[in-house]
Amino acid sequence: MKNTVLTVFFYSCLKLFTEVRSSTSLLADDAKNSTLRSRIVLPEYYVKEIRPPSKQGLPVIVDFNIFVADINSINVEDMDFRVDMFVRQSWIESRLDMPENIFEEGDDYVTLPPEFFDSLWQPDPYFLNAKVSEIAALNHKFSSVTLYRNKTVKYSARMHAIIACQMEFQLYPMDIQICPIYIESFSYHKNKVRLRWGAGDVTVNPELKLLQYDIGKPVVTEETVDYMPEKSGNFSRLVVFFRFERQIGHHLIQTFAPSTLVVMLSWFSFWLGLDAIPGRVALLVTSMLTLVTMFTGLKSDIPPVAYVKALDVWMAGCMMFVFAALGEFVVVKVLDLRYQLEYDLQSSIMSRYYSTVCIPNVLSLHV
């Protein structure tokens, strides 16, 4: 019995060892195949730190495309907006070896894992006015590398970015914000690398809707800049302008309509008699306090700025109407009191004149 147990135990250990060794061998073969594919595509003396060769005097052309999937928020306090986008850049890498056996039948491209991108020369575009920019990741980075038969390399990635935007609020709440994104090569000047918009340049998700803004069609341009003394030469730059127009419907309901009704309510004091002093004062003062409270709450929606906004002009106009109604009541009341004093004085003089002059003359005539 004891020998049988030992035999079974030995057989189980041997089987387990064989399976582990087989699995290890398969993983090694996979790694070998992956390395072999890299060796097939990349030549033996490939140096990824050196840009692809080109005709003398001509830069490497890098085509850029952006698909805006979502704009999460436009933060007026920090003056930035968050955007989720798919970024695609492509260029020709003439040093690659492209054997036919790496392509599937009928395809002129092959998609490789993002780790392969680390073995290639990479352009170095960056978002100049981005506060934060990162490739989206869940359990792995959402990026891929595609190789074409004509030795074109296309790198695609989904990115999150927080873009700074210098906003102006002179026309708030009827303002229009123009927010650019600057994409520029960091190390290579325009004689080495040139960025350009590819076919389709910038596309916005047609189903994208913002809570307070209407987004217009992006405007793209290409330019060359020289702004850093420590960076020699001019650098290629791509610019895309986003146009955010604030929707006025919310403010019509929450701001302009209530304040207009409060001002019209203050005009009801004109139909009250001059003797209704408590009623008039209470109505006008309550209207003024209502406007102050209303506009104090609205000003918290935007950061304090040093210039006058359209909302400030509207607020000042509403308060001036209410204040004018209160001033009209005070002026009319003062004029009425002055009229009453003059009337009482004239009545007193007339009664005294009548009692001292007219009555004795009448009595003398009768006598």
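Two strands count as a pair when DSSP finds at least two bridges between them, and that rule opens our tour of this predicted model.

**Figure 1. The whole chain, as a starting point.** Welcome to the overview of the predicted model, in which the chain has four helices and twelve strands. Of its 367 residues, 32% are buried. Among contacts with a separation of 6 or more, 77% are made by residues 24 or more positions apart. The accessible surface of the chain is about 23200 Å², and carbon and sulfur atoms contribute 62% of that area.

**Figure 2. Strand 6 with its partners, strand 3 and strand 7.** Let us begin with strand 6, residues 143-148, which runs antiparallel to strand 7, residues 152-164. Five bridges join strand 6 and strand 7, so the pair meets the requirement of at least two. Look for Ser144, which stands opposite Ser156 of strand 7. Strand 3, residues 109-112, is also antiparallel to strand 6, and four bridges hold this pairing. Here Leu112 has Val145 of strand 6 as its bridge partner.

**Figure 3. The hairpin between strand 6 and strand 7.** Three residues lie between the two strands of this hairpin. Which residue takes a positive phi here? It is Lys151, with a phi near 70°.

Figure 4. A search of the whole structure finds seven salt bridges, and two of them are shown here. Side chains of opposite charge can pair when their charged atoms come close. In the Arg95 and Glu93 salt bridge, the closest N and O atoms are 2.9 Å apart. Both Arg95 and Glu93 are buried. The other salt bridge joins Glu184 and Arg237, at 3.1 Å from N to O. This pair links distant parts of the chain, for Glu184 belongs to strand 8 (residues 176-185) and Arg237 to strand 12 (residues 235-246), 53 residues apart. Glu184 and Arg237 are buried too.

**Figure 5. A salt bridge between partly exposed residues.** The side chains of Arg243 and Glu245 form a salt bridge, with an N to O distance of 3.3 Å. Are these residues buried or partly exposed? Arg243 counts as partly exposed because its relative accessibility is 34%. Glu245 is partly exposed as well, with a relative accessible area of 32%.

Figure 6. Why does Trp271 count as exposed? Its relative accessible area is 69%, and the cut-off for exposed is over 50%.

**Figure 7. Segments annotated as transmembrane regions.** An unreviewed UniProt entry carries the annotation "transmembrane region" for residues 256-274, 281-298 and 313-335. Two of these segments can be followed here in the model. Over residues 256-274 the chain is 58% helix and 0% strand, with 31 Å between the end C-alpha atoms. Over residues 281-298 the chain is 100% helix and 0% strand, and the end C-alpha atoms lie 26 Å apart.

Methods
Residues are numbered from 1 along each chain as its sequence is written. This is a predicted model: local features need pLDDT of at least 70, side-chain atom pairs count only at pLDDT 80 or more; totals for chains, interfaces and linings use all residues. Side-chain values use heavy atoms; hydrogens and water are left out. Buried means under 20% relative accessible area, exposed over 50%, partly exposed in between (1.4 Å probe, protein chains only). Contact means heavy atoms within 4.5 Å. Accessible areas come from the Shrake-Rupley method with a 1.4 Å probe; for residues, only the protein chains shown count as cover. UniProt positions are given in the numbering used here, feature names are shortened, and annotations may be inferred rather than shown by experiment. A salt bridge is a side-chain nitrogen of Lys or Arg within 4 Å of a carboxyl oxygen of Asp or Glu.
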